[in-house]
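Thanks for asking me to look this one over. My notes follow the structure below, as numbered points.

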Amino acid sequence: MAYDEPGVGRALERVLFDDYAIRPWYASPYPIDATTLWVCAGCFKYMRSAATYHAHRKACTYTHPPGRRVYQRGAHILWEVDGAEAKLYVQNVCLFGKLFIDHKTVFFDVAPFFVYVLTDATSQFDHALGFFSKEKVSYDDFNLACIVVFPPYQRKGYGTLLMEYSYYLSRSAAVAGTPERPLSELGLKGYMAFWSAQLVRTLQAAWEPGGDAIRAVLAGDAAATRSSTDSSPVRRRTAARGWAGEVRIERPAASGATVPLPPRTTLARLAAAAGLRPDDATLALAQAGLLMADDGVLHISREAVHAAAARLRVRPPILDEAYCR
């Protein structure tokens, strides 16, 4: 059931979460009439008084999200939470997330969804940083319903990590995924950066001696399959906690040797090589300044791709698939 009535929750002025006092950006349909809410960082239960909150914290047994670990690298863990098995937790997470998301509706029927919660772990508690939700069955192959990084943790690469994992899920299912529309202004900005970086990295790799699989896709080889658009060397998974944080995977420097690309390809093939949908790849080409056509034909040079990478400050991906479970 949708619950997004105009005016509900608009009186809320402050939310106390973990060690932060946060001013909401948008309304969320909390069934409480209050200007301040205390939200438990463990189970996301909401309360209107400090006394109730402190009493709850002493009794709360949640030290991490109630799901299974699907990714762990150092202190950063991604938890998959089933809306059918942890209904109240997922509802509370969605209510909290709606405070910072526009153009989305809160559905209290959360059973059809998975929620992927990113946490920063200490020895005793996993602090939630943000999450994205995804329908268990999407006939449109949507890999993400909504995404939010909580305000205290923004601009640290966590949103990119969540996007990368959503596309990892699409590749694992052998589908070309895309997020649900409409995208918020902030969401569109994030995805434009993600799509353009993904496309530019794919084109850069295509010129390298190890880019055989990409070149095969660009040439239209139907038998060519790619399990990952940015494959990582296999590494031993670690369960170590207390690591300073996620870092980008620095690849070995290119040897300088280049391999020619197929003389002609299509937008659909280029999108498939990058793991994107053609319409998203078109936006990425425009964002990268590579959407320049002559008589309907795109002309993409290695120099133009490297110039786009420098202009967009394209860096290696954050997600290391060797740590996915």
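1. A term to begin with: a crossing is left-handed if the near helix is turned anticlockwise from the far one by less than a right angle, and right-handed if clockwise. Helices (H or I, at least four residues) and strands (E, at least two) are DSSP runs, numbered from the N terminus. By that definition, α4 passes α8 in a left-handed crossing.

2. Please keep in mind that this is a predicted model, where local features need pLDDT of at least 70, side-chain atom pairs count only at pLDDT 80 or more, and totals for chains, interfaces and linings use all residues. Residues are numbered from 1 along each chain as its sequence is written, and side-chain values use heavy atoms, with hydrogens and water left out.

3. Now the overall picture. The protein has 8 helices and 13 strands. Of its 325 residues, 47% are buried (under 20% relative accessible area; exposed is over 50%, partly exposed in between, with a 1.4 Å probe and protein chains only).

4. Back to the helix pair. The axes of α4 (residues 185-206) and α8 (residues 302-312) come within 10 Å and cross at roughly 145°. Axes here are lines fitted to C-alpha atoms, for helices over the stretch in contact, with angles from 0 to 180 degrees between N-to-C directions. S196, V200, L203 and Q204 of α4 meet V305, H306, A308, A309 and L312 of α8, contact being heavy atoms within 4.5 Å. By class, this contact has 6 nonpolar, 3 polar and no charged residues (Ala, Val, Leu, Ile, Met, Phe, Trp, Tyr, Cys and Pro are nonpolar, Asp, Glu, Lys and Arg charged, and the others, Gly among them, polar).

5. Which residues of helix α6 are buried? In α6 (residues 267-274) they are L270, A271, A273 and A274. They lie on the same side of α6 because they cover an arc of only 160° around the axis; the arc is that of the directions from the helix axis to the C-beta atoms. Their cover includes α4, α5 (212-218) and α7 (278-287). G275 follows α6 and has a positive phi, near 75°.

6. T36, in strand β3 (residues 36-39), is buried, with a relative accessible area of 15%. Leaving aside neighbours within four places in sequence, T36 is in contact with L12, R14, L16, M47 and R48. A51, in helix α1 (residues 50-59), is exposed, with a relative accessible area of 60%.
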